[in-house]
Amino acid sequence: MIQFKEPYFILETKDLSYIFKLLPTGHLEHLHFGAKVLETDLEELNTKLTAKARGVIDYHQEEGKDIPLDLLPLEYSSFGKGDFKLTPIEIKMPDSTFVSDFVYIKHKFIDGILASEKLPTGYDDDKQAQTLVVTLKDKKFDIFLNLVYTTFHSSNVITRRVILENKEKQSISIRKIMSMMFDLYGNQYDMLTLDGDAIKEGQKHITPISHGTYINSSMTGARSYKHNPGVMLIEKGTHEDYGVCYGFNLIYSGNHYTAIDQSSHGILRVMQGINPSCFEWDLHEHETFETPTSVISFSNQGFNKLSQQMHEFVNQHIIPRQFKQVERPIVINSWEGFYFDFNERKLLTLAKKAKDLGIELFVLDDGWFSTRNNDLSGLGDYDVNLKKLKHGLVGLSKKIKALGLKFGLWFEPEMVNPKSELYTKHPEYAVKIEDRDPSFGRNQLVLDLCNIEVRKYIISNMSDIIEEAKLDYIKWDMNRYITDAYSPHLNNQGMFYHTYILGLYEILKTLGEKYPHILIETCASGGNRFDLGMLSFGPQIWKSDNTDPIARLQIQKGMSYFYPLSTISNHVSLSPHEQTLRKTPLDTRFNVALFGVLGYELDFKYLDRFELNTIKAHIEFYKTYRNIVQFGTFYRFNEDNDHRMIYQVSKDDVHIVGNYQILALPNPNLEKLKIKHLKPNQVYQMQSMGQKMTLDQFGHLISHALPIKLNPKKALFRIVSHFKKLDNASEDVLLSGQSLMHGYKMKQQFMGTYYNDQTRILGDFGSQVYVIKERN
């Protein structure tokens with residue numbers, strides 16, 4: 001619900017209130033964002049300025065308008081009129097100054113969402129969303145600033161964006177324009193961010209906020225795994241299930257910027273939008289500029305509650321609606337199995353085995369086109385390599401589908417190799433600057449998506465392949481940052497980065513509308529473009545090229561602060577892992593990949609019968625609980641040490657818990673497993689997923705556990721180990737929800753001596769999965 005009770009604007013969701021006030025000067029004072037407040041308390045939310053302060057500037061001499069803007073928590077500020085906190089907007093005005101003074105002139109209410117023509121904003125199929133547009137006007141010029149607010153009731157999310165309109169005959173230059181800004185009281189906050197790099201995406205960091213400005217931003221052009229746009233502002237002491245936190249994210253895939261500014265008077269300012277660095281946008285008469293949409297939410301019940309609200313918003317209002325609550329297929333991807341070295345026979349052999357194991361979708365990765373036998377050539381071309389695929393993509397697709405599998409294909413549409421037919425014919429299509437040697441990433445250049453001819457070329461060629469091969473799925477990759485940013489199709493190069501993203505969105509939107517059945521999984525050297533903008537066009541993202549499950553634990557946990565499990569694509573690969581050289585158990589590889597969208601990326605010929613049967617059992621388990629692990633409510637835990645991590649996902653009366661041991665400790669402590677979100681008086685059955693151990697896990701020590709002495713270096717050991725597996729301790733108990741929430745006392749781990757089938761043996765990188773169900 002949104003209402004205006006003069007002078008108060010009141011926006012409400014299911015559990016939250018967002019309130020700001022119209023001041024006598026026409027400026028907007030931010031009053032409250034958080035748990036719902038009573039209308040009888042509105043007056044007490046006002047800032048009480050009862051005395052002048054030394055060193056501040058009054059907005060106006062007139063009584064009633066002599067307001068010191070620098071002392072007030074504002075809703076959106078202008079520049080140059082006495083508010084010296086960090087500005088959300090910087091415009092070179094028609095008089096060549098940077099002074100602006102936007103004040104209220106009107107507002108309107110809209111049922112539903114005010115859609116954007118060029119940028120994703122989310123959607124509302126439930127018809128619960130409401131929108132408020134508050135129009136501000138500069139006091140000197142006919143320049144209008146529209147603040148757009150949309151409430152999403154059940155998700156407890158409010159989105160904000162800004163539309164700037166120039167009605168002056170003279171052009172203006174936008175140097176900075178934030179999608180949202182507001183101020184709040186306090187100096188007791190920390191900032192939570194997700195930072196990283198290749199194969200170490202989404203690492204959670206918490207930074208204490210003190211005086212000054214704290215910035216989370218990206219300048220890589222179109223990607224953000226160095227700093228994800230998701231940010232939390234948290235009260236000190238907040239953890240997974242307790243405390244106050246604010247969440248901010250951006251529906252955008254380009255250079256982003258979130259700033260938290262602590263002023264000298266105890267006011268903390270938050271803003272988010274397009275990164276102003278190297279940004280400059282010319283706005284001519286009667287033109288408008290729309291910012292990306294900022295997504296904000298609040299929790300007074302810790303991180304988990306805030307994340308769950310963000311998850312619901314993404315699942316219900318961001319991902320393409322045709323995939324909403326639709327279970328994602330299990331994938332076999334060819335990359336780590338073959339890299340560039342494949343032919344039709346190898347691919348079909350892989351596909352047949354995948355089908356036998358229960359996999360549903362076959363994806364041919366990089367290397368199917370042109371002269372693409374390595375990463376030196378071919379990008380930009382779309383002719384099929386008939387030396388590898390003698391019957392072409394059409395023939396391969398028919399054979400894959402005849403097996404009962406869906407068929408998907410890898411593309412990197414935004415890139416070009418200088419060794420390609422496209423570059424030979426159209427070198428002007430690449431992003432580069434005349435008389436400068438271009439910088440290369442992975443031997444490739446970026447295509448200029450500011451050029452309409454480039455966009456047409458991509459759409460046309462991808463459409464041909466989609467139709468000819470009858471694709472069901474696309475993996476959309478992007479394997480380098482943008483450098484040498486320049487387009488001859490722009491008069492102002494400060495418009496390059498944002499125009500590039502608008503061009504990308506145009507391509508994705510066009511293809512999505514032509515082929516709505518195709519599931520697009522986006523990727524950028526892993527999770528280098530994991531954001532709400534890309535999720536608006538494809539419902540899942542390849543989170544990381546790192547398939548080591550121990551590394552993945554932190555990566556997946558980090559991304560879960562803002563993104564639901566249904567968007568996180570996870571693959572099981574061979575061990576030792578390419579990215580870390582670490583050897584991990586097959587069960588752990590599955591137990592980590594279980595929490596999200598499952599896939600496999602390996603050549604099955606390197607697995608023995610026991611491992612293949614284990615994978616088949618894993619896939620059957622996943623299919624049984626797929627809807628829960630993709631669309632259930634996810635919980636993180638406050639780990640009591642660095643050697644253990646726990647995930648939980650719950651839906652209806654079923655709860656799946658993953659218990660992961662990162663490193664084994666000598667003579668470890670006895671452990672409890674606490675389950676969340678159960679009914680205290682309900683009886684539950686908790687069962688662990690069965691796991692077997694191979695003899696080679698124990699090496700020479702197996703002689704102490706078997707009635708016969710075996711030398712692990714001899715052939716007899718290998719023969720026996722092929723047939724004999726050891727049981728790991730399992731759990732199967734009936735307990736009340738109250739007891740399980742208090743903590744189930746788990747069976748003892750191995751403590752340095754003695755083995756039996758009731759002793760849990762996890763070792764380094766071990767794990768177990770538990771299923772908890774209601775019982776009558």
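Me: Which residues have the most contacts inside the largest nonpolar core?
Reply: This is a predicted model, so to speak: local features need pLDDT of at least 70, side-chain atom pairs count only at pLDDT 80 or more, and totals for chains, interfaces and linings use all residues. Residues are numbered from 1 along each chain as its sequence is written, and side-chain values use heavy atoms, leaving out hydrogens and water. The core (buried Ala, Val, Leu, Ile, Met, Phe, Trp, Tyr and Cys joined through side-chain atoms within 4.5 Å; buried is under 20% relative accessible area, 1.4 Å probe, protein chains only) holds 196 residues. The ones with the most contacts inside it are L364, W368, Y600, F604 and I656.

Me: Which helix gives this core its largest share?
Reply: Helices here are DSSP runs (H or I, at least four residues), and strands are E runs of at least two, both numbered from the N terminus. The protein has 13 helices and 40 strands. The largest share, 10 residues, comes from residues 496-514, helix α7.

Me: Which isoleucines does Y600 touch, leaving out residues up to four places away in sequence?
Reply: Touching is a contact, with heavy atoms within 4.5 Å. Y600 reaches N333, H571 and F590, among others.

Me: How many residues are in the second, separate core?
Reply: This core includes Y684, M686, V733 and I772. Its count is 14 residues.

Me: What share of the protein's residues count as buried?
Reply: The C-alpha trace spans about 100 × 70 × 40 Å along its principal axes. Of the 776 residues, the buried share is 61%.

How values were computed: Buried means under 20% relative accessible area, exposed over 50%, partly exposed in between (1.4 Å probe, protein chains only).
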